[in-house]
Amino acid sequence: METCNKSEEKHESAAIVINDGWPGYSLDLFTYPQHYCDDLECVYIPHGVIQDRTERLARNIMDDIGDHHIVVLCVLKGGYKFCADLLDYIKVLSCTSNRSIPMRVDFIRLKSYRNDQSTEAMQIIGGEDLTILTGKNVLIVEAIVNTGKTMKTLLNHVEQFKPKMVKVASLLVKRAPSGGGYSPNYVGFEIPDCFVVGYALDYNEYFRDLNHICVISEKGKLKYRI
Ligand SMILES: Nc1nc2c(ncn2[C@@H]2O[C@H](COP(=O)(O)O)[C@@H](O)[C@H]2O)c(=O)[nH]1
């Protein structure tokens, strides 16, 4: 299996870097579900910016691996919005450019967070039998990489099925002090070490119904804490 944190192709690893001091946008400048009005600090990455960046990532992936058959492995639950939008952009390019990526899509669920903390208990739910990946080019699509523990666990799991090649696309990567040096092949945004929600990223299953990526408030953390 090819390792996944090498920058062999010209489009890999470049990301939009959001600096540590970035305060985000006032919530008043955007629309969002009013049931969250006391639960958020700010809009960190507006939905439209996520879309535009995802469109470009689709083009980069197409340029690098277009014309190869791939199996897309969507990491649930947080990765479902990013994966759906990324694949939509790849499909548009497959119709409108002279390259295309024939693809199959599969899903796997990993769970390790409680409240805003990573726990030792990493659960792989579904995806026990990934023989569909054997001998294939695999694109893993994840929403966020923090310590890298989740992705390293998944890569070890996937490796057992002997894929031909594995690439990882993550919408967000955190500059976390606890970061384990893992870097995905395709990254949308590099962000500071703060807990973000929205665009399918949750806090104890809340906030998946929010389009923007936002920073949760202390009040929100208390309200939905388990
Ligand atoms: N809603 C959020 N989920 C997050 C955030 N940071 C991490 N995570 C979850 O953890 C894994 C990746 O973490 P890692 O430490 O193992 O790399 C990811 O799949 C998310 O489920 C966050 O800021 N918000």
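View 1. Buried means under 20% relative accessible area, exposed over 50%, and partly exposed in between (1.4 Å probe, protein chains only). This is a predicted model, in which local features need pLDDT of at least 70 and side-chain atom pairs count only at pLDDT 80 or more, while totals for chains, interfaces and linings use all residues. Residues are numbered from 1 along each chain as its sequence is written, and side-chain values use heavy atoms, with hydrogens and water left out.

View 2. Helices (H or I, at least four residues) and strands (E, at least two) are DSSP runs, numbered from the N terminus.

**View 3. Around Y44.** Leaving out residues up to four places away in sequence, Y44 touches I18, N19, W22, G24, I191, P192, C194, V196, I213, C214 and V215. Contact means heavy atoms within 4.5 Å.

**View 4. The shell around the ligand.** The ligand is surrounded by 15 residues, and T147, G148, T150, V196 and D202 are the closest; a residue is near the ligand if one of its heavy atoms lies within 4 Å of it. By class, the shell holds 7 nonpolar, 4 polar and 4 charged residues. Ala, Val, Leu, Ile, Met, Phe, Trp, Tyr, Cys and Pro count as nonpolar, Asp, Glu, Lys and Arg as charged, and the others, Gly among them, as polar. β6 gives the most to this shell, with 3 residues.

**View 5. N and O atoms facing the ligand.** One oxygen atom of the ligand sits 2.8 Å from a backbone N or O atom of N146. For T150, a side-chain N or O atom is 2.5 Å from a ligand oxygen atom. At V196, a polar backbone atom is 2.7 Å from a nitrogen atom of the ligand. Taken alone, the ligand exposes 500 Å², and the protein buries 92% of that (Shrake-Rupley method, 1.4 Å probe).

**View 6. E55 on helix α1.** E55 sits in helix α1 and counts as partly exposed because its relative accessibility is 42%. E55 and Y89 are 34 residues apart in sequence, yet 5.7 Å apart in space, C-alpha to C-alpha.

Technical notes. Polar contact = N/O pair within 3.5 Å; in protein donor to acceptor, adjacent residues only side chain to side chain.
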